[in-house]
Amino acid sequence: MVRTSTGETPTEVEIPSLRIIQEAELSDAEWVQSRYEQLALIDGKRMSVVCLGQLYQNRMARAFNKRIRPRQFTPGHLVLKRIFPHQDEAKGKFSPNWQGPYMVPRVLIGEALILAEMDGEIWPKPINDAV
């Protein structure tokens with residue numbers, strides 16, 4: 001096999017050009033048949049890559065979900081709200097990571113929660129991340 005100075009296989013060797021075909025003296029029918037086989041191999045390789053990608057995604061999701069503990073919240077539960085670093089409540093390195101406790105007066109579709117403070121004041125926006 002011919003290699004270039006960069007170590008890659010030239011394109012003409014992988015996908016024959018008209019000059020290579022004329023040198024090999026293939027008939028049109030033979031060329032069409034070989035081209036069809038090459039395209040079938042490409043489709044097979046593409047399918048195997050898609051399958052491997054799906055297997056990789058499933059493996060990564062399984063590894064991630066292994067550490068997740070699903071929680072079911074019902075109205076009346078007390079929860080803590082996490083303070084993320086990008087929020088205004090995050091004051092510095094030694095500030096608390098949690099706010100609360102808050103009461104859950106309502107659970108929305110998709111497990112979003114409406115929170116209420118202990119004095120009964122209900123937050124206007126639902127929240128997704130409560131523990």
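Leaving aside its neighbours within four places in sequence, which residues is Gln99 in contact with?

## Gln99 and its surroundings

With those neighbours set aside, Gln99 is in contact (heavy atoms within 4.5 Å) with Leu80, Lys81, Ile83, Glu89 and Trp123. This is a predicted model, where local features need pLDDT of at least 70, side-chain atom pairs count only at pLDDT 80 or more, and totals for chains, interfaces and linings use all residues. Residues are numbered from 1 along each chain as its sequence is written, and side-chain values use heavy atoms, with hydrogens and water left out.

Gln99 sits in strand S2 and is buried, at a relative accessible area of 18% (buried is under 20%, exposed over 50%, partly exposed in between, with a 1.4 Å probe and protein chains only). Its side chain also makes a polar contact of 3.3 Å with that of Tyr102 (N or O atoms within 3.5 Å, one able to donate a hydrogen and the other to accept it; residues adjacent in sequence count only if both atoms are side-chain atoms).

## The sheet

## S1 against S2

S1 and S2 (residues 98-107) run antiparallel, joined by 4 bridges; pairing takes at least two DSSP bridges. Val79 faces Tyr102, and Leu78 has Met103 as its bridge partner.

Key. Helix = DSSP H or I, 4+ residues; strand = E, 2+ residues; numbered from the N terminus.
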